[in-house]
Amino acid sequence: MFRSDAPGLGSGAKSNVKKNPFENIEIDTKQLGKKWGKHKYDYPQLKDFNEYVNLIDDVFHNYDRIIYDSLNREYYYIKGSELLRVGEAGNFISLYPGAGSQRVINAINNMMSQKEVDYFYLVPIHILHAIRNMFQKRE
């Protein structure tokens with residue numbers, strides 16, 4: 001399906017990339033089938049498996065922001081409420097409505113505690129603080 005020829009970041013590597021680190025996303029059909037089976041109920045508006053693939057492609061190419069989670073070694077592509085998880089090698093992990101999930105909040109908190117704000121692409125630091133505070137107040 002999709003193939004990424006872009007290199008992933010190695011363990012402990014840092015990046016100053018301000019845009020999508022991959023040209024394409026590599027999607028393993030077994031992983032895709034597993035995640036479609038798990039998350040199809042999150043998307044009742046999607047008619048079939050192919051529309052899920054189209055949504056993956058849309059979020060990947062038209063994201064609002066990208067967060068790099070150094071602890072889990074994943075990129076989080078966020079578009080609206082959608083969370084597309086992509087491995088360091090550009091491989092598809094999952095897509096679901098999880099932009100405000102604890103996984104994302106933890107990645108933001110980890111970045112801020114380590115002052116790794118260069119991993120939160122496209123978002124100024126004051127917005128990062130506001131997002132973190134907004135989600136912490138909900139708990």
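These are my notebook entries on what I looked up in a predicted model of one protein.

**Entry 1: Overall layout**

I began with the elements of the protein and found four helices and five strands. Read from the N terminus, the order of the elements is α-α-β-β-β-β-α-β-α. I then looked up burial: 42% of the 139 residues count as buried. I also looked up how far apart in sequence the contacting residues are. Among contacts between residues at least 6 apart in sequence, 52% join residues at least 24 apart.

I asked which residues of α1 are buried. I noted Leu32, Lys35, Trp36 and His39. These residues lie on the same side of α1, because they cover an arc of only 105° around the axis. I recalled the general rule here: an α-helix has 3.6 residues a turn, so residues three or four places apart point the same way. On the other side of α1, I recorded Lys30, Lys34 and Lys38 as exposed. I next looked up what covers the buried residues of α1, and the cover includes α2 and β4.

At the N-terminal end of α1, I found a cap formed by Asp28. One of its side-chain oxygens is 3.2 Å from the backbone nitrogen of Lys30.

**Entry 2: Helix α1 against helix α2**

How do the axes of α1 and α2 cross, and within what distance do they come? The axes of α1 (residues 29-39) and α2 (residues 49-61) come within 11 Å and cross at roughly 100°. Angles from 65 to 115 degrees count as roughly perpendicular, so α1 is roughly perpendicular to α2.

I listed the residues that meet there. From α1 they are Leu32, Gly33, Lys35, Trp36 and His39, and from α2 they are Phe49, Tyr52, Val53 and Ile56. By type, I recorded six nonpolar, two polar and one charged residue in this contact.

**Entry 3: His39**

I returned to His39, which lies in helix α1. Its relative accessibility is 8%, and the cut-off for buried is under 20%, so His39 counts as buried. Leaving out residues up to four places away in sequence, I found that His39 touches Tyr52, Ser94, Leu95 and Tyr96.

**Entry 4: Asn20**

I located Asn20 in the segment before α1. Is Asn20 buried or exposed? Asn20 counts as buried, because its relative accessibility is 16%. I then looked up its contacts, setting aside neighbours within four places in sequence, and noted Phe60, Tyr63, Ile66 and Tyr77. For Phe60, I also recorded a distance: its backbone oxygen lies 3.1 Å from a polar atom of the side chain of Asn20.

**Entry 5: Two loop residues**

I looked up Gly90 in the loop between β3 (82-87) and β4 (92-96). Gly90 counts as buried because its relative accessibility is 0%. I compared its position with that of Ile25. Gly90 and Ile25 are 65 residues apart in sequence, yet their C-alpha atoms are 5.3 Å apart in space.

Finally, I looked up Arg73 in the loop between β1 (65-69) and β2 (74-79). Arg73 is not a glycine, but I noted that it has a positive phi of about 55°. With a relative accessibility of 39%, Arg73 counts as partly exposed.

Technical notes: Residues are numbered from 1 along each chain as its sequence is written. This is a predicted model: local features need pLDDT of at least 70, side-chain atom pairs count only at pLDDT 80 or more; totals for chains, interfaces and linings use all residues. Side-chain values use heavy atoms; hydrogens and water are left out. Buried means under 20% relative accessible area, exposed over 50%, partly exposed in between (1.4 Å probe, protein chains only). Axes are lines fitted to C-alpha atoms, for helices over the stretch in contact, and angles run from 0 to 180 degrees between N-to-C directions. Angles under 35 degrees count as roughly parallel, over 145 as roughly antiparallel, 65 to 115 as roughly perpendicular and the rest as oblique. Contact means heavy atoms within 4.5 Å. Ala, Val, Leu, Ile, Met, Phe, Trp, Tyr, Cys and Pro count as nonpolar, Asp, Glu, Lys and Arg as charged, and the others, Gly among them, as polar. A polar contact is a pair of N or O atoms within 3.5 Å; within protein, one must be able to donate a hydrogen and the other to accept it, and residues adjacent in sequence count only if both atoms are side-chain atoms. The arc is that of the directions from the helix axis to the C-beta atoms.
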